[in-house]
Amino acid sequence: MGVEARRRLLEAYERLKPLTLNLGDFVVSRATTLFEALVATVLSQNTSDRLAIRALENLRRLAGHPVTPEAVLRTSPSQLLEAVKPAGMQRQRAERLRAIAEALARAPGLLDRLKGMGVEEARRALMRLPGVGPKTADVVLMVAGKATFPVDTHISRVMPRLLGLERASYEEMRTMAVEALREPDRLRELHMKLILVGRRWCRPRQPRCGSCPLAPMCAYAQKRHAA
């Protein structure tokens with residue numbers, strides 16, 4: 001499946017080129033530092049980018065722009081809780097942001113050093129931070145210009161359908177994308193455009209295959225059409 005998956009992903013990239021991206025719709029695109037990218041990813045988990053953007057703007061008004069670990073630690077727990085409230089699950093998010101800020105305060109310069117590391121070394125360094133898993137690490141590294149591919153809930157639905165897979169793990173999808181596109185800019189573009197496909201057409205139920213730009217080469221769409 002490796003060669004066929006890479007071929008399909010390259011074709012998907014080409015087919016999605018005309019799709020317009022509004023980067024302002026993605027909270028991570030509003031991050032101006034790697035720490036803000038970390039913050040944005042924590043805020044966007046299990047909620048919409050629209051709500052995560054509101055929470056990020058609240059944090060900036062409260063702690064300054066850009067948001068820094070030191071500013072988060074200077075913020076009172078009640079203020080931090082109120083700032084991230086629009087994203088929901090505010091207690092868990094506030095606790096996670098404070099824990100990450102504390103860890104970075106104990107490891108000054110860690111985020112700056114990521115730029116000189118290889119992708120896998122940088123991933124391991126990030127995943128040693130509290131509450132940082134593969135997806136959060138990959139988002140930060142994508143922002144840092146590394147060749148990696150974060151897999152969110154939309155992509156984890158779109159990619160198996162596109163490739164005709166019963167299921168695929170996070171690492172399998174990430175590896176297939178990196179091997180197919182290789183270049184950081186192309187990987188970031190495909191990441192964001194597959195999210196748009198998931199939002200607009202490839203819904204969990206009643207996907208809109210008839211108008212999806214990937215339908216002509218999507219295994220799932222072809223199977224539905226044949227049925």
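Okay, let me start with a definition: rings of Phe, Tyr and Trp (for Trp, its six-membered ring) pair if their centres lie within 6.5 Å, and planes under 30 degrees apart count as stacked, over 60 as edge-to-face and the rest as tilted. By that rule, this structure holds 0 aromatic pairs.

Quick housekeeping. This is a predicted model, where local features need pLDDT of at least 70 and side-chain atom pairs count only at pLDDT 80 or more, while totals for chains, interfaces and linings use all residues. Residues are numbered from 1 along each chain as its sequence is written, and side-chain values use heavy atoms, with hydrogens and water left out.

On to the helices. Helices here are DSSP runs of H or I with at least four residues, strands are runs of E with at least two, and both are numbered from the N terminus. Two packed helices are described by the angle between their axes and the distance between the axes. The axes are lines fitted to C-alpha atoms, for helices over the stretch in contact, and the angles run from 0 to 180 degrees between N-to-C directions.

So how do α1 and α12 cross? The axes of α1 (residues 2-15) and α12 come within 10 Å, at roughly 75 degrees. That makes α1 roughly perpendicular to α12; the cut-offs are under 35 degrees for roughly parallel, over 145 for roughly antiparallel, 65 to 115 for roughly perpendicular, and oblique for the rest. Contact means heavy atoms within 4.5 Å, and here L9, L10 and Y13 of α1 meet R186, E189 and L190 of α12. That contact splits into 4 nonpolar, no polar and 2 charged residues. For the classes, Ala, Val, Leu, Ile, Met, Phe, Trp, Tyr, Cys and Pro are nonpolar, Asp, Glu, Lys and Arg are charged, and the others, Gly among them, are polar.

A charge sits over a ring if NZ of Lys or CZ of Arg is within 6 Å of the ring centre and within 35 degrees of the ring normal. R199 does this too, with its charged end over the ring of F26 at 5.0 Å from the centre.

Next, α2 (residues 34-44) and α3 (residues 49-63): the axes come within 9 Å and cross at roughly 135 degrees, so the two are oblique to each other. On the α2 side we have E36, V39, L43 and S44, and on the α3 side A52, A55, L56, L59 and R60. That's 6 nonpolar, 1 polar and 2 charged.

Then α8 (residues 119-127) and α9 (residues 134-143), with axes within 9 Å and crossing at roughly 125 degrees. That makes α8 oblique to α9.

Most residues other than glycine have a negative phi, and most peptide bonds are trans. H65 and P66, though, are joined by a cis peptide bond, omega about 5 degrees, and P66 is in the loop between α3 and α4 (69-74). R182 isn't a glycine but has a positive phi of about 65 degrees; R182 lies in the loop between α11 (170-181) and α12 (184-200).
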